[in-house]
Amino acid sequence: MSAFAAPLHFVATFMMAVGAFACVWLAVSRPEWAPRGWARFVFGAGWAFLGVAETLHGAQFVQADSLTGVLALRTIAYFLLLISLLVPVDPLPVEPGLRRPHLRQSPAAGQPAPFSGWTPPGWTPPEGPSPGSREGPLEGSREGKGGRFWAMTLTTATRTAGPAVLALMAALFALRSRLDGARRLALALGLLGASEVFLARSGSSNTVDATWVLGHGLHLLAGLALGFWLWRAFRVSVQARIVASLVLLLIIVIALISATVTNAFAINVRDDAFRTEAAQVGFEGTRFAEQANSMQTVAGLMGLVTKPFIATNAKAPVDLIFHNLFGQQPTSTVGVDFVFALTPQATCQGQPQCGGTILTSKVGDGNGQSIDDLESLVIAGSPEARWALQGVPTASVDDIGASRSKLVVMGAVPVRSGDSSSPVIGAVVAGRIVNRSFLESFPLPGKVPVTVIGANGELLGSSLDRGADKLLQDQQSDILVRAIQQGGVVKKEATVGSKPYYVVTGPLLRSDGKRVGAVMISQEQTLGATQEQVAKTIFLGALAATLFAVGAASVSGSRITRPIRELTYAAEQVRGGDLKARVPVGEADEVGMLGEAFNQMTTSLETQAADLREATLQEIRLRGELETILQSMTDGLIAVDRTGRIVTINREAERITGVTADWARDRKVERVLAVVDSSGEHVELPVYRMAGGSAAGFIAGNPTAAAQGIPVAVTSAPITDDDGTVAGAVAVVRDLTSELEVETMKTEFLSNISHELRTPLTPIKGYADLLRRKVVPRAKAISFLNVIVASTERMERIVDMLVDFSAMQAGRLMVRTGPFNLDRATADLVTKWEESAPKHFFERTGFESLPSVAGDPRLLPRAIDELIDNAVKFSPDGGPIAIHGEIDAERPNRVRVSVTDHGIGITAEQMSQIFQDFVQVDASETRAFGGLGLGLGYVRRIIEAHDGELQVESSPGEGSRFSLFIPMQRSGDFGGLRSVHSETAPIPVIPLRRRGRGARKPPPEWQGDR
């Protein structure tokens, strides 16, 4: 990877990985910046998948962006982001074309384009599709029109459309969402979608072209846009901005370090490789010389056996000689491609640089390794042959080609007639043709490929499996000029297919120093794997360093921003009203000075606030006292300003006038306080004129008042300021209703008591006077006396009730409870009433089996007697009266005593009055039923003093049933003493249900036959 591509790739992937993981943290810690509900977790999962994909690719675990693993992770990430961004807006119907594509493995990326240029003779092109083949029609048809960007199959298009379409759709829905910074997020997703179009078509990380650069450039811009979106979330916190700034600075530093380290490492490795290969080129030259020496040895052996033939100038049977000498006939089996026996030319016998005449030869083995006639003449006239004919053994590499280069390694030895001092009679030349088979049989150390190039730039042979022609084509002109013509060394980096090579080419010299060709050493680069390992180490180290830096920056930023946070928190407390907030000052820097100034400010504010609070409290206390006095007044009070509008009205005035204070305030007093006289005429109050005085009348506007209105007395007085100017007025309104009711009650009570006392006094006085003036028969006298006694008892009963009521009101009437037998008490009462009420018949049931109750022997029978008296009184036509006793079904620890009549009953209107004191349902002088109006109230107080309960069931015309619920006597309880209260709780009134409507039938407990 180039010096430009390495940092671009690193920064793009690293920034996107850090940004994706930052989005995961944002979705977890800042829910307001992510979609709501479950979509927030899907949103975080999508960024997590994208972060993993960027980490795997950036750390070189997956090298190419177009590989299935990376594409799958990114596709899942964009799909999850799309799903999560559907929540803030109305979801759209899923179209079939927007479904997640199925990822399939594309053809292996990075395959080299087939070479269709010049092919050297004898060179077999690498295996693979030929230029004219129909293998991959789309790739072959578009390769020449737009490069690799357009060279894609349908599978590649599908793989590209998947993540690109999902990312662009996610960008669209992000733009429509209600997320903060939605435009920046949509821009980041849109750039990611655009980058996917190019990244899915790019090759491996070693193949850098315009597509690769454009894809990673868009990826980098997407990371920057995502960073701008994240910055909006981080800007609300100084600590978060410190961490974000440090991460950004760290990315820049790591990118520079990555580029520097990678390039320095690549330069060192490349230089070492070139030095090694340059040395290898020189070494290969010596190996060619060694092969030529071995050919000289073979020529010497052949000279020994061909000497007799050369001496006689006869053609030697070379095949037979080979067979006798080496035990086999073909020359190739002993590593020799040709053998020539030469005699000096007659015309240049003994002259220097004179060639020889071919006496006999053995050329080739029938496998194409042959020497033609012209090349044979070149060998006979070669410097090696001439030197041998002159008596000098020679070994070298030489070019014997006529029309094109053909290199051979050969050795030539002289053949003498006798010993070493005898004259030369001929020479033997043996050699091998330099081609692929020669190089493959060359005993080279290691596996470094060697390529031999002719003097005209032809490819003569190579031990490289494939691609030698491509390497030669890329640098043919440099090799011809710099290596063959100038004798220099050519160093290049080249790529064959997807494999990068270091290529070094040096000249190939003949023994006399002439350059007859070139040797090219091509070593496959291991820099890519090493760079991947380095990139992996740097990327993972950078992530670890970033995490450490984030943690360290968080801690350091927390320490730095802690005074600011404390100052902010204290300011929030002050804004909330807590003036005791202080900032701890630990340093003498600017923040410390600011904290000290803040503390002084809050101290001053607290002092001033305390003074204001004290003044306010005093004012509130005075107002409260005044308000309490006003609101607790038993009379209504209305204050008005100089314009006659109400400024103050207390609760009693609200009740009397029937309006609320909120409604009355700021209204004219005439609209609130309207008084009329008994004739309905409006009364002009002095308060209307801001004057003093009094007036009386009725408040007719109160909807809760009676028909005539609430009787009131209004007294007003003006309010003046220091200079005597009238500033307003105040009116005191007194409700006269209670006073009138007391007067009425007194009148009714006197009327009732006089009536009740006059009723028994009349027979007493009349019969007593009759007995005094006349002599009456004894039977008649006894009858008169019985009437007198009964009337006396009635008067005594009235007096006792008045005395008991007075004691109740004073709290002096005491109830002494103890075991009480209801059976005996009710029997006595029924016996008494059967004598005094002959029109009624009484039925007492259920008392024989009842247990004792906790009752007062004086008051409890009187309470039951009052109920029987009430039943007799309100059954004027006579009829049955039932006195029934039973255990209470709801509370078995008490006894129910009920008195039932079939009298006139009680109406719903009368129900609210029958338990009031001194209240008669019919209070007229001509009422049909007498009484003081204390009976039921008396019974109620007595039974409640026994911890019991009174219940009424009645229906008009059907009669009534009064029930007393009396607690049973508990074992070990010998009674107690308690007072009778004057105030009691409400009595539940239940309609009396009977069979048949209007029929006067006995109650269910009635046992009689009537």
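Helices (H or I, at least four residues) and strands (E, at least two) are DSSP runs, numbered from the N terminus. This is a predicted model, in which local features need pLDDT of at least 70 and side-chain atom pairs count only at pLDDT 80 or more, whereas totals for chains, interfaces and linings use all residues. Residues are numbered from 1 along each chain as its sequence is written, and side-chain values use heavy atoms, with hydrogens and water left out.

**View 1. The chain as a whole, with 24 helices and 26 strands.** Of the 1010 residues of the chain, 45% count as buried, a term that stands for under 20% relative accessible area, with exposed meaning over 50% and partly exposed lying in between (1.4 Å probe, protein chains only). The accessible surface comes to about 50,700 Å², and 57% of this surface belongs to carbon and sulfur atoms; such areas come from the Shrake-Rupley method with a 1.4 Å probe, and for residues only the protein chains shown count as cover. Among contacts (heavy atoms within 4.5 Å) between residues at least 6 apart in sequence, 66% join residues at least 24 apart.

**View 2. The largest nonpolar core, with 42 residues.** A nonpolar core is a set of buried Ala, Val, Leu, Ile, Met, Phe, Trp, Tyr and Cys residues joined through side-chain atoms within 4.5 Å. The residues with the most contacts inside this core are Leu 822, Phe 842, Ile 868, Ile 883, Leu 964 and Ile 966. Among the elements that give two or more residues to it are the helices α20 (778-810), α21 (822-836), α22 (859-873) and α24 (935-945), together with the strands β21 (879-887) and β24 (959-967). The element that gives the most is α22, with eight residues. Ile 868 touches Leu 829, Trp 833, Phe 842, Ile 883 and Val 899, when residues up to four places away in sequence are not counted. Another core, of 39 residues, lies apart from this one and includes Ala 27, Phe 43, Leu 192 and Leu 218.

**View 3. Helix α24 and the residue Asp 947 just after it.** Helix α24 is mostly covered, with 10 of its 11 residues buried; among these are Gly 935, Leu 936, Tyr 938, Arg 940, Arg 941 and Ala 945. Asp 947, found in the loop between α24 and β23, has a phi near 60°, a positive value in a residue other than glycine. Asp 947 counts as exposed because its relative accessible area is 54%.

**View 4. Gly 457, in the loop between β6 (450-454) and β7 (459-462).** Gly 457 is buried because its relative accessible area is 1%. The C-alpha atoms of Gly 457 and Gln 473, which are 16 residues apart along the chain, are separated by 9.4 Å.
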